Amino acid sequence: MTSNNHVSEEKWWKRSVIYQIYPRSFCDGNGDGIGDLEGIISKLDYLEQLGVDAIWLSPVCRSPQDDNGYDISDYQDIDPMFGTLEDMDRLIAEAKKRSIRIIMDLVLNHSSDEHPWFLEARKSRENPYHDYYVWRDGTPEMPPNEMRAAFGGSAWEWEPQVQQYYFHQFSVKQPDLNWENPKLRREIYDMINWWIARGVGGFRLDVIDQIAKEPDQGITSNGPRLHEYLQELSRETFQKADLVTVGEAWGATPELAMRYSNPDQSELSMVFQFEHICLDQMEGKEKWDLAPLPFLKFKEVFNRWQTKLHGTGWNSLFWNNHDLPRIVSRWGNDSQYRVESAKMLAILLHGMQGTPYIYQGEELGMTNVRCPIEAYQDIETRNLYRERLEQGYGEAEVMESIYAKSRDNARTPMQWSNEANAGFTTGEPWLSVNPNYHEINARSQVEDADSVFHCYRRLIRLRKEYRVFAEGDFRMLLKEDAAVFAYTRNSREGQLLVVCNFYGKDADCAIREPWDSMELLAGNYKEPLQLLPEGGISLRPYEARMYWKESGKACQ
């Protein structure tokens, strides 16, 4: 294999792959049925074998767990369900021995209503912590306005003790922080620097585009002071160390992302944008209102983000996270072609420019789950079920939406082996294990050189070996093809060509290249490429191929 080992050292995260862990579902070290830091430490060798460079941990700070840790009551302690601060220090140290960095998940838009700041804030309007949160006048019968919370219901909650409403964009137990208060911002910066001093390698910033909210104007994201706040945050914290920072920004556009991820590092390394993720829902509706994926629009979205951010910003590359369904069930085929489609989706995404994120189990091709409503733990799913039945939807229709889009699809325990509870725990798992763990598990895939796991492992290795992944430009091919997603990446060293059949039927492809003169870097079929007599190729169901050609021999 031809390789280029002198990949640019500009920013480590530009040639890295990050692995997301949802701690309560990853591995249980003490047998209580809930994943923990001890369990994560026990699986570091597995992650080292996979080849990832960093681990993003969903929140492990102390929390009442109303929203599975995204309601923090102490930013500088570990929730006992996950372990102790000493366990966290040990995880950072053990990961470092394996050249893996730990990325913390910070929730800076809101806290728990059990955080000491809010306990003080609700005592009186004169309390110095009152202004750490967003309060407005009203009466018990008349909230300040009609804004709705993302989890359902009003975004305002009446607090009798101060005769005011507090604002919450999510659960009623997640009051929004008031970033207009400089004392609050200083407390946040001191906390972040405390974590930096403990050795963390970066931060994922939950709904960071909402910190500059202006509820009186109905503004929740991209408020007028957002970039001012982000630049101050970066100056006071992130720029003090060699960190990676990624912001969750549901409302981001390529133009906004250029500001967020400006190469001058004045704000963040990159953002998670969700334009591609929102395509398979009815236009103007919620994610639960299902619609077929508009494939040509899907390709156009990727093309725009890849081309507009080239040289001016940086992309996050992801299919899955703790809030999204499993990609092989969503846009692949989780039955007949599970392995082929899981590999295709990996090859398609990992050839692009940006930092790839692998969500736990994605590297195994883990699938969605279908459970009775009683088995779902997710607050959003439960609220959706109740509200839609009240609105007159049929139960079968509501459940189909839940099967497709519930966040618990991503939260079923990691499937380590075919032993009891998929090897996740010796106790009773907090959320039911997907029954298909006998067929889909890490142990069997690590031992199988042709598994989904080893496809991901190869793609991670290629990103480190070839400069083109980090630096090459992007050119979409066959923009109007209704089945094939194909593109090239060009750099001084040569050209990468990625060709994928996105669907479960054979697809003819008009690309004509001297295929035998290119090096096949990755693919998902052992059989040779099918050439058409009249030129071009025929791709099998979900077939994906990644080719390399050195400069001077590059395809036109």
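Leaving aside neighbours within four places in sequence, which residues is Ser73 in contact with? Before selecting anything, note that this is a predicted model, where local features need pLDDT of at least 70 and side-chain atom pairs count only at pLDDT 80 or more, while totals for chains, interfaces and linings use all residues. Residues are numbered from 1 along each chain as its sequence is written, and side-chain values use heavy atoms, with hydrogens and water left out.

**Stop 1: Ser73**

Select Ser73, in the loop between strand S3 (61-62) and strand S4 (74-78). Helices (H or I, at least four residues) and strands (E, at least two) are DSSP runs, numbered from the N terminus. Now for the opening question: Ser73 is in contact (heavy atoms within 4.5 Å) with Arg62, Ser63, Pro64, Ser112, Glu114, His115 and Pro116, once neighbours within four places in sequence are set aside. Ser73 has a relative accessible area of 11% and is buried; buried means under 20% relative accessible area, exposed over 50% and partly exposed in between, with a 1.4 Å probe and protein chains only.

**Stop 2: Asp137**

Go to Asp137, in the loop that runs between strand S6 (135-136) and strand S7 (156-159). Leaving out neighbours within four places in sequence, the contacts of Asp137 are Arg125, Pro144 and Gln164.

**Stop 3: the largest pocket**

Next, select Ala150, Phe151, Phe170, Lys287 and Glu380, the closest to the centre of the largest pocket among the 42 residues that line it. This pocket holds about 1200 Å³ of space. On a 1 Å grid over the protein atoms alone, a pocket is an open set of points with protein on both sides within 12 Å along at least five of seven lines, a cavity is a set where a 1.4 Å probe fits but cannot get out, and lining residues have an atom within 4 Å of a point. Grid points are joined across faces, edges and corners, and a volume is the space filled by probe spheres set on the points.

Colour helix H12 (residues 379-390) too, as H12 gives the most to this lining, with 5 residues. By class, the pocket lining has 17 nonpolar, 10 polar and 15 charged residues. Here Ala, Val, Leu, Ile, Met, Phe, Trp, Tyr, Cys and Pro count as nonpolar, Asp, Glu, Lys and Arg as charged, and the others, Gly among them, as polar.

**Stop 4: helix H7**

Show side chains on H7 (residues 226-236), where Leu226, His227, Tyr229, Leu230, Leu233 and Ser234 are buried. Look down the axis: the buried residues of H7 fall within an arc of 155 degrees, so they line one face of the helix. That arc is taken from the directions from the helix axis to the C-beta atoms.

**Stop 5: the largest cavity**

How many cavities of 30 Å³ or more are there? The count is 6, and the largest has a volume of about 90 Å³. Its lining includes Gln273, His276, Trp305, Asn315, Phe318 and Met352. Helix H9 (295-308) and strand S12 (316-317) are the elements that give two or more residues to that lining, with the largest share, 4 residues, coming from H9. The lining of the largest cavity divides into 7 nonpolar, 5 polar and no charged residues.

**Stop 6: His350**

Select His350 in helix H11 (residues 338-350). Is His350 buried or exposed? At 1% relative accessibility, His350 is buried. Beyond neighbours within four places in sequence, its contacts are Val17, Pro356, Ile358, Tyr456, Leu459, Arg463 and Phe469.

**Stop 7: strand S15 and its partners**

In strand S15 (residues 484-491), 7 of the 8 residues are buried, so the strand is largely enclosed by the rest of the structure. S15 runs antiparallel to strand S14 (residues 473-477), joined by 5 bridges; two strands pair if DSSP finds at least two bridges between them. Find Asp473 opposite Asn490 in S15. The S14-S15 hairpin has 6 residues between the strands, and there Leu478 takes a positive phi near 50 degrees.

On to strand S16 (residues 494-501), which is antiparallel to S15 over 8 bridges. A hairpin of 2 residues connects S15 to S16, and Ser491 has Gly494 in S16 as its bridge partner.
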